[in-house]
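Try each task before reading its solution.

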Amino acid sequence: MSIEIPRREAMGGARAQIQVISALFMREMLTRFGTSRIGYVWLMAEPMILGTMISLLHSLSGKDLPNGLPTFLFYALGYTPFLMFRSIVNRGSGAVTNNISLLFHNRITLLDTMIARNLMEMLVCFTVCLLFIVMGMVVFHEVPHQPALLLAGWFMSALLAHGLAMVIGSAQVMMEWVEHLVHPFTYLLLPISAPFYMLDMLPQGTREALLWNPLVSIHELNRWAMFGDRINPYYDIPYVLAWILGLNLLGMAGLRVARPRLSLSD
Amino acid sequence: MLELRNVWKSFEQRHGRKDVLRGINVRLRRGDHLGILGRNGAGKSTLVRVLAGVEAPTRGSIRREMLMSWPLGGGYGIQSSLTGRNNARFIARLYGMSLSQTEVFVEDFSELGRYFDEPVKYYSSGMRSRLMMALSFAVDFDGYLVDEALSTGDARFANKCLTMFEERRKNAAVIMISHNLNHVRRYCRTAAVLRNGILEFYEDVDEAIAAYQGL
């Protein structure tokens, strides 16, 4: 035969896993970009439109924020990370049961499919957030107070969502009805996650109750990292990190339990 | 090496538990070419899925020390909204092969012409299966899993598949689960019959075929 037959490169452990994840990531990206040249515009469009609409509604409602905070930016940067959290949980938790046929490729693990999908979602929302930041710098002359901290805040939302997606995804394998609760759950999470209001505006009792939700800490931190001392934030980062660690460990354990229960014959 | 030790696979059904595999024992090394024969309903598809690693056994253990292929010619993980080229690149990335070499190989082998750059959803079923075959042969696996399909298309293309299979199996293990007795006779050195959920091994392929025909 005249054609040269491709050969695999030998490699081990971490490098192999990075390779698998990047292959899945590229596949996910190409699929979601679609075949059109402006596919990436559409990928951004959904969170962008949602973020813009919500923010416009709030800024047109005429209620001013304290300390001259720019209304549009306040809502856009509050909502988009929450949107990311929600889509990672919604889409990511489906990665377990939707991708069974990929597991015919021995190299792919459930964790790989999960990471690839959620990484994609995260990068889309990070880009949208950055666009809002650039818009804020140009239109409102707002420069992020602590850019690195802001990035860390977004990253914490993503990790929290990733862990939760793994927990829900593996729970779905054992209890199918869990699937139906995911959307209502993420929807109801919105009002108690403080993306649209500040804890400083609330009475102390409510504030303390809300701080049980790790997303609230992240959103408060994000606002301070963006707007600086015009905000009086309330957050507990070790508490958030404990949630991230807990959910991710539980999620990875869950995937291990779910894997042998996955069946094509169901 | 691929080793299955006392592998059981059971399914919970409405009228109770069904044990499809009831203690499969098999050990396969590079260069071993094993044919597995079985009547309809003997549990061949279940065995394929367990061997492929997509489903775990209910009981027993599997030791997997070589990279097994997906069932040859199967479209697992193929994204139909992507082009043939993009799917080839996915397989290349996944298995750590050169992108350009894999593209050239798959484009050439599949004979898709300009369709190689069209989304797979626009392919005819013949084109689809040619692409799947090309993708399966693009990776140099340690072991090949054959579930019936060893070739596809017209006589000429089918011949090309068989030639390529000869090339690929030289240094690899093969498990062929097939009804096609000619293929088993031609490509396998040992054979077993899957019956009552266990594998019965025979001295040579002809004996296994005789036993299978006597079922």
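**Exercise 1.** How many salt bridges are there between chain A and chain B?

*Solution.* Begin with the ground rules. This is a predicted model, in which local features need pLDDT of at least 70 and side-chain atom pairs count only at pLDDT 80 or more, while totals for chains, interfaces and linings use all residues. Residues are numbered from 1 along each chain as its sequence is written, chains are lettered from A and ligands numbered from 1 in the order in which they are written, and side-chain values use heavy atoms, leaving out hydrogens and water.

Next, look for a side-chain nitrogen of Lys or Arg within 4 Å of a carboxyl oxygen of Asp or Glu. Between chain A and chain B the count is 0, although over all chains it comes to 24.

**Exercise 2.** Describe the interface between the two chains.

*Solution.* Start with contacts (heavy atoms within 4.5 Å): 33 residues of chain A touch 40 residues of chain B. Then take the buried area, meaning the accessible area (1.4 Å probe) that two parts lose on being put together, summed over both. Chain A and chain B bury about 3,500 Å², with 61% of it on carbon and sulfur atoms. On the chain A side, A:Pro6, A:Arg8 and A:Phe104 supply 23% of what that chain buries against chain B, more than any other three residues.

**Exercise 3.** Which salt bridge does B:Glu3 make, and which strands does the pair link?

*Solution.* First find the partner: the side chain of B:Glu3 meets that of B:Arg27 at 3.0 Å, N to O. Now place both residues on the strands (E, DSSP runs of at least two residues, numbered from the N terminus). B:Glu3 lies in strand E1 (residues 2–13) of chain B and B:Arg27 in strand E2 (residues 16–28) of chain B, 24 residues apart.

**Exercise 4.** How far apart are the centres of the two domains of chain B?

*Solution.* Take the bounds from an automatic or database domain assignment: domain 1 is 2–69 + 173–213 and domain 2 is 76–140. Over C-alpha atoms, their centres are 29 Å apart.

Key. Helix = DSSP H or I, 4+ residues; strand = E, 2+ residues; numbered from the N terminus.
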